[in-house]
Amino acid sequence: MASERYVKNKIKRCEKVGIESEIIEVGELVPQEEIEMIIENLNSDKEVTAILLQLPLYPHLDEFHLTNL
């Protein structure tokens with residue numbers, strides 16, 4: 001899948017320049033609230049300097065709202 005390859009390349013490039021990264025995967029039926037909670041927890045973690053939300057999202061998720069979190 002092209003999206004998976006794209007994410008793997010991001011991880012490789014992070015490693016190459018010394019950026020620590022983590023992939024948090026969720027299933028297709030993940031509730032909006034669960035992703036909101038994950039993003040809010042990451043936002044409050046002083047060790048986290050960036051969050052990348054891989055698009056496209058599942059159809060039931062509010063892409064605009066989640067990317068603005």
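The entries below go from the whole chain to single positions.

**Ground rules.** I am working with a predicted model, in which local features need pLDDT of at least 70 and side-chain atom pairs count only at pLDDT 80 or more, while totals for chains, interfaces and linings use all residues. Residues are numbered from 1 along each chain as its sequence is written, and side-chain values use heavy atoms, with hydrogens and water left out.

**Whole chain.** I looked up the secondary structure and found 3 helices and 0 strands, where helices (H or I, at least four residues) and strands (E, at least two) are DSSP runs numbered from the N terminus. The order of elements from the N terminus is α-α-α, and the C-alpha trace spans about 35 × 35 × 20 Å along its principal axes. For contacts, meaning heavy atoms within 4.5 Å, I noted that residues 24 or more positions apart make up 61% of those with a separation of 6 or more.

**Surface.** I noted an accessible surface of about 6000 Å², of which carbon and sulfur atoms hold 53%; such areas come from the Shrake-Rupley method with a 1.4 Å probe, and for residues only the protein chains shown count as cover. Of the 69 residues, 13% are buried, with buried set at under 20% relative accessible area, exposed at over 50% and partly exposed in between.

**Charge.** I counted 7 positive and 14 negative side chains, the centres of the two sets lying 15 Å apart; Lys and Arg count as positive and Asp and Glu as negative, without His and the chain ends, and each charge is placed at NZ of Lys, CZ of Arg, CG of Asp or CD of Glu. Which residues gather in a patch of negative charge on the surface? I found Glu-20, Glu-22, Asp-45 and Glu-47 there, under a rule that takes residues with over 30% relative accessible area and no salt bridge, and joins like charges within 9 Å. A salt bridge here would be a side-chain nitrogen of Lys or Arg within 4 Å of a carboxyl oxygen of Asp or Glu.

Glu-20 sits in the loop between helix H1 (2-17) and H2 and counts as exposed at 80% relative accessibility. Glu-47 lies in the loop between helix H2 (32-44) and helix H3 (63-68), and is exposed as well, with 71% relative accessibility.

**Gln-32.** Is Gln-32 buried or exposed? Its relative accessible area is 13%, so I list Gln-32 as buried. This residue belongs to helix H2 and, leaving aside residues up to four places away in sequence, touches His-60, Leu-61, Asp-62, His-65 and Leu-66.

**Loop checks.** Gly-18, in the loop between H1 and H2, has its C-alpha atom 34 Å from that of Leu-29, 11 residues apart along the chain. In the loop between H2 and H3 I checked Pro-56, and the peptide bond from Leu-55 to Pro-56 is cis, with omega near 0°. Most peptide bonds are trans.

Note on methods. Patches are made of residues with over 30% relative accessible area and no salt bridge: like charges are joined within 9 Å, nonpolar side chains (Val, Leu, Ile, Met, Phe, Trp, Tyr) within 5 Å. Buried means under 20% relative accessible area, exposed over 50%, partly exposed in between (1.4 Å probe, protein chains only).
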